[in-house]
Amino acid sequence: MSQDLEKNSINKPIEWAKTSLLFVLAILLFLLAIDMVGESVTMLGQETAKSILLATSNPFIGLFIGLLATALIQSSSTVTSMTVAVVASGYLTLGNAIPVVMGANVGTTLTSTLVSLGFITKRNQFRKAISAGTIHDFFNIITVLIVFPLEYYYGTLSYLAQQLTALVDESTMGFDLFQGSKGLGLSRISQWLVEALPQNFITLLLALALLFASIKFLSTIIYKRLIGSSKDRMRKYVFANPYKSFGWGVLITGGVQSSSITTSLMVPMVASGKVMLHNAFPFIMGANIGTTITALLAAFNKSDAAISLAFVHILFNLIGVLVFLPFPALRNIPVMLASRFGALTLDSRIIGFSYILFTFFLMPFTLIYLNKGHVTERTYLFENLTAHGESSLTTIKVRREVAENKLDYYIYKGTLPDDGILPDTIFMIRERHNRFATVDQVCTYKNATLQFNKDHKIISLNDTSTYRTESLKLEHLNYIKVQLGDGLIGHYWFDLDQKIAVKSEVVKSNGELLKSSKLISIQ
């Protein structure tokens, strides 16, 4: 007996050390996967970027893309982390990414609903199981109905997230936190892997597989240590009161890195009668907060927009908690809806299956398909400099008519004015034309004959240039160096998809700058 106790006391530190090492390895794999996703997206080129932008520029479709993607791969953590990576790469704006994250929060609830179907042959337990499985659905759907209009009409989440990001940027701790991963050299490793692998699309698939695997690896490690041997004690102490239940939901899901695991754990507990549905609901709300840590980790060492998106994920779930948790009457609404839905499904099993197929698959697929011919808009703000050091701003609004394969450009001197003010210049470029817009002209080029604007010669060109600012990272831009008249040289970096120069310079042969224009922000 004493030997067994002594053996256990020796093994415990070893087991904890092993768990800690595996945990660190899982975190490093996760951060590497995030970098690889970002690198892969930029390597895919402008056509793939265009498909992402066209799909998510409509906020309603972005919502259902997030829902559908999460339902298909069964991991909101993967979808939100991938979205953060795409935002960090500069191909997706914060405003367009927010609905995707909202949709991912709804899509992740499918897991617990599917788990509840495992009790379909047990009539006495099935009603409770389906109620426990869908209460997460109703909570997130109601939260979307509250928060989505606030973001759509007033930009509430965007504003709050950007304010929080500004606070982080101003603090030394925040700077060290988000820049610290540079020392790990993960970016260099991910760049090397992306360049070494054969095809960009395959690289992206491998990066997503690594991201998904790292999250599962992390959840398995923590699940075994935190939950595996503590189920009985958890039932006894976790659900003593709503706030304690909520706190445990945050703690356990934050460690496991998967709300799907912790919310699915509630289904058999409620089905067996060991936990009441109204006691399980605060735990599920806590799980929604705990899962946001994944997106925050994914934002490490990324752009301000990526960090803001991580804060959006936290704020979205926090608003839902603040609406329901403090008020018992409101807290009973999702409980009541889930209970009634459980009773309906018990009477007719087809209702449960129809709900899953319609909510998570049929409706998103249909809306995305019907959205093929929509119009998208992006707004670019430029800073212009002259040889005398004079500075000015120019705004270009790019409006894409998807069905007509054309882009309309509206140019305003200064920042974008209020609605109703006419632009200073309006013109159109067809998608098939080899043209791009600068702040003061439309440039035409021919790669085959190295001709630029008919009268000028292209000296050099490539399609692998990069443009970086504190908040933007645009890679695989086209670059053209042109011999202009009077011994002048022109440099142009332009986005082939949007057909717009993000940076342009005109210099003398001795390198003296005559004028320049550079992109400051994209909305």
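Biologist: Is the crossing of H7 and H18 left-handed or right-handed?

Modeller: This is a predicted model, in which local features need pLDDT of at least 70, side-chain atom pairs need 80 or more, and totals for chains, interfaces and linings use all residues. Residues are numbered from 1 along each chain as its sequence is written, and side-chain values use heavy atoms without hydrogens or water. Handedness is clockwise for right, anticlockwise by less than a right angle for left, taking the near helix against the far one. The crossing of H7 with H18 is right-handed.

Biologist: How are H7 and H18 oriented to each other?

Modeller: The axes (lines fitted to C-alpha atoms over the stretch in contact) give angles from 0 to 180 degrees. For H7 and H18 (residues 328-347), the axes come within 7 Å and cross at roughly 135°. H7 is therefore oblique to H18.

Biologist: How are H14 and H15 oriented to each other?

Modeller: H14 (residues 259-271) and H15 (residues 277-290) pack at about 175°, with axes 10 Å apart. H14 and H15 are therefore roughly antiparallel, a term for angles over 145 degrees.

Biologist: Which residues of H15 make the contact with H14?

Modeller: H14 contributes Ser259, Thr262, Thr263, Met266 and Val270. H15 contributes Leu277, Ala280, Phe283, Ile284 and Ala287.

How values were computed. Helices (H or I, at least four residues) and strands (E, at least two) are DSSP runs, numbered from the N terminus. Angles under 35 degrees count as roughly parallel, over 145 as roughly antiparallel, 65 to 115 as roughly perpendicular and the rest as oblique. Contact means heavy atoms within 4.5 Å.
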